[in-house]
Amino acid sequence: MTITRWMPVIAAVGAVALWARGEEPRASTRLVPLPAGDRAATAYRGSGSCSATACHGSINAQSENTHVLRNEHTTWLSDDAHSRAYQVLFDVRSQRIVRNLAGGAEGYKPAHEDARCLACHATPRPAELFARTAWLDSDGVGCESCHGPAGRWIGPHTTQDWQNAAWSEKEKLGMWNTEDLASRSKVCVGCHVGASPTSESAGRDVNHDLIAAGHPRLNFELSAFLANMPPHWVEKGKNGSRETRQAAPDFPVRAWAVGRLSQLEATLALTKERAQTTAGNPAVWPEFTEYGCFSCHHDLRDQAWRRRLDPGRKTAGAPAWNGRLLANDLERILSLDATPDLQGALASIRGLTGPLEALSPRQDVPGAGLGEVAGKLARAARQASQRPFNAAEVKRLIDLIEANRNDSSWDEAAARYLALVPLYQSWVALAPEAAAQQQQLNERLDALRESLGFPHALDSPSNFDPASAGATGHAPTTWLERQKAGLLASILDDARAPDRSPSVQNHSSAR
Ligand code: HEC
Ligand code: HEC
Ligand code: HEC
Ligand code: HEC
């Protein structure tokens, strides 16, 4: 699946000249609230109502006179993990998770009835609606999870005028703007990072309790996750081409930048939620998933790499806050477009690192300022989603990431890999004349990827050595193939074994 997805990008070498096409005005990243009144009755239609052959349930893609492929429901149902998200709640892994969470108590709810699981494994909706719209659960992560509740737009969206309508008009009826990368990313991170409860959706949190009970660790990077989702659409946007179905050459770098900004926003919101007691919701703090897993989970040996502290960390033994890695990427993105506003946001985020890594009591985690920082990040994500990236900028980001390499942890090296892959893809597409240098980067990525793998039958990177991460030389040629065959799987496929015990399981997508 990923092969077809990335072919256009690879083939787009040199095709840079298309960017002046007229675009609809991009709208806000706000998810439009459901109408008041009987929201349950009016809001959702379910994925079944999109599945007619003439609508989105065609067997084959039909995009002759439209960019809508018409087989979206078919793709989702047959190839997309999201359509199985509810089904997995019945399998042994899910049974084990809820059994472990119950800690030996009898009479707990099965996973497919547990609100903690349905929050992300079914269409997100306000907590009070779950019981009355239980019929929607069996869709798993259905169409309305990403496109918004269809009650008010399902009729209008089939009309001729709809295609040319501005997103702001569509959003008024509750359709979410998935075309704009910033608002698209906001939808994904709601489940792939997590979210606090709002009037529009129940709280979504994969915390250390869930992970220790057996839930896979959540790891997100927008460009990679888009590449790993079987596409049921034609990528559009700046420099892209509806006609030739080519995504823009700078699409991967843009997706990375937007994704990191919105991921940071979602991460901070979750930190705030976890650290602060709100009405009826006592804080659980410190929350261990805020930190690098291998800060705590490791074997003890002399000369361990964890003792080589990176410059910002003062004490051996303090866990590394995950926000650090996102902040590093924010700083890199700011090197292209810095505003005092965003420099201020970066300083605030860096300021959080100290108290968080000292495992301060929750009262010391500054919550109030985080809302303001979140607003700035959202604006920055919106700007990045509108912005073209040229070859020089992509190269600058690559150089920054490679120069500032600070291999103090596995997570840091993994974040570097996940950043360099989309940057590499865009560089290849934007600057064919640099093929030789690109090939060298490709080789470094290959080595880095190898060093990130977990030893056979282990759930942690116990052979990882930051000093040599990415430095070992070996046959370079197959990396791109593996990347196309599934980036996420390729990082960690060594770690996969049938029915693994609940464990420090990182992102894995081979299926
Ligand atoms: C914050 C959202 C969220 C919550 C809450 C959540 N999950 Fe998940 N779950 C995910 C995501 C996202 C994945 C896919 C992880 C990945 O591959 O990156 C996943 C994956 C899984 C998997 C592995 C599926 C596979 O195909 O490999 C199982 C099993 C699972 N979840 C069960 C549960 C259970 C049981 C609960 C409730 C106790 C739960 N989840 C709560 C988001 C969530
Ligand atoms: C996990 C999120 C997700 C789910 C679930 C999902 N979609 Fe999408 N869909 C997207 C994204 C992202 C796009 C790209 C939007 C764009 O480029 O305008 C998209 C695009 C589309 C488009 C093309 C829109 C256009 O104007 O080009 C259609 C039609 C569509 N989806 C229908 C569906 C249907 C029907 C379902 C359910 C069977 C569904 N989607 C489920 C994320 C999702
Ligand atoms: C601050 C320290 C700390 C951090 C950070 C941490 N854990 Fe844990 N974790 C623990 C402790 C303590 C236990 C309980 C150990 C035991 O039962 O032996 C535990 C238990 C677990 C277990 C169940 C026991 C096992 O070994 O299978 C899993 C799985 C797990 N953690 C995964 C993770 C993952 C994934 C992360 C990162 C997202 C993480 N942990 C971050 C301290 C931590
Ligand atoms: C409503 C929650 C929700 C939303 C919104 C959502 N996802 Fe997911 N996603 C999940 C869950 C749950 C799974 C795991 C399903 C399973 O394996 O059974 C998953 C799995 C995936 C996978 C497969 C991961 C793997 O390990 O194979 C990819 C790729 C993915 N999502 C990408 C996206 C992207 C891109 C978006 C935004 C356009 C998005 N998701 C939006 C909940 C969500």
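Predicted model: local features only at pLDDT ≥ 70, side-chain atom pairs only at ≥ 80, totals over all residues.
Residues are numbered from 1 along each chain as its sequence is written, and ligands are numbered from 1 in the order in which they are written. Local features need pLDDT of at least 70, and side-chain values use heavy atoms, without hydrogens and water.

Select ligand 4. His82 (NE2) and His192 (NE2) coordinate its iron atom at 2.0 Å; donors are N, O and S atoms within 2.8 Å of the metal (3.2 Å for Na, K and Ca). The six donor atoms subtend angles of 85 to 179 degrees, which makes the arrangement octahedral (opposite donors over 155 degrees apart, all others between 65 and 115). His82 is in the loop between helix H3 (72-79) and helix H4 (92-102), and His192 is in helix H8 (residues 181-192), 110 residues apart; helices are DSSP runs (H or I, at least four residues). His82 is partly exposed at 21% relative accessibility, and His192 is partly exposed at 25% (buried is under 20%, exposed over 50%, partly exposed in between; 1.4 Å probe, protein chains only).

Next, select ligand 1. Its iron atom is coordinated by His121 (NE2) and His215 (NE2) at 1.9 to 2.0 Å. The arrangement of six donor atoms is octahedral, with angles of 87 to 179 degrees. His215 counts as buried, at 14% relative accessibility.

Finally, select residues 323-334 (H13) and 340-357 (H14), whose axes come within 10 Å and cross at roughly 160 degrees (axes are lines fitted to C-alpha atoms over the stretch in contact, and angles run from 0 to 180 degrees between N-to-C directions). Contact residues (heavy atoms within 4.5 Å) include Leu330 of H13 and Leu346 of H14.

Definitions and conventions
Tetrahedral: all angles 85-135°; square planar, octahedral: opposite > 155°, others 65-115°. Helix = DSSP H or I, 4+ residues; strand = E, 2+ residues; numbered from the N terminus.
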